[in-house]
Amino acid sequence: ALVLKDGQGNVVGGISASTQLRVMYLEALWVADEYRKRGYGRDLVLAAERVGFDKGCITSHTWSLSFQAPGFYQKIGYEVLGIYDGYPDGITEYVLRKRLQPDHQVCLKENERFSITAEVTGEEMAIVHAGLGRYVDEQIGDKQDGIRIKRVLRDAADDVIGGLLAFTTMRNLVIELVW
């Protein structure tokens, strides 16, 4: 997790990611409306990529809906791996990937008083996730039904032998885990 703070220490952006099998997954990226299109989103992604590379990741993956920023990710070196067009109202989801390299640079503008920090509290990440949530809600309205599904499969002896985690969003079922 990284946050972007202004000169007064206010959170005005942030990014969260996780790693698995030497792949970094960018999960959330948000920059406050008044600071968009100034390079801060790029700086956050590049800083996260640097952390991922330093932790041994060889690629970075992310997902972006058509009203978000698939073009932004492509401009900073991500390639489209797949497209899903099953959402309502013409919304499309892009799956993107970038190979990580040792020469990633982060270039915050020195004339502006912003900083990216990895010293992130839960409250600060809550601000980032709330900002992203507000933006998505503004774009798609009430299409997010957000039902969580958790199922466990048991045998005759009542031992757990399988399970499923899933959720719904925008009238689609997303299966996260099957065991």
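Helices (H or I, at least four residues) and strands (E, at least two) are DSSP runs, numbered from the N terminus. The model is predicted, so local features need pLDDT of at least 70 and side-chain atom pairs count only at pLDDT 80 or more, while totals for chains, interfaces and linings use all residues. Residues are numbered from 1 along each chain as its sequence is written, and side-chain values use heavy atoms, with hydrogens and water left out.

Begin by selecting T59, which lies in strand β4 (residues 59-65). T59 is buried, with a relative accessible area of 4%; buried means under 20% and exposed over 50%, with partly exposed in between (1.4 Å probe, protein chains only). Beyond four places in sequence, T59 is in contact (heavy atoms within 4.5 Å) with R22, V23, M24, R97, K98, R99 and L100.

Next, select I15, L26, V45 and Y73, the residues with the most contacts inside the largest nonpolar core, which has 37 residues. A nonpolar core is a set of buried Ala, Val, Leu, Ile, Met, Phe, Trp, Tyr and Cys residues joined through side-chain atoms within 4.5 Å. Leaving aside neighbours within four places in sequence, the contacts of I15 include L26, V45 and M125.

Finally, select V152 in strand β8 (residues 148-154). V152 is exposed, with a relative accessible area of 53%.
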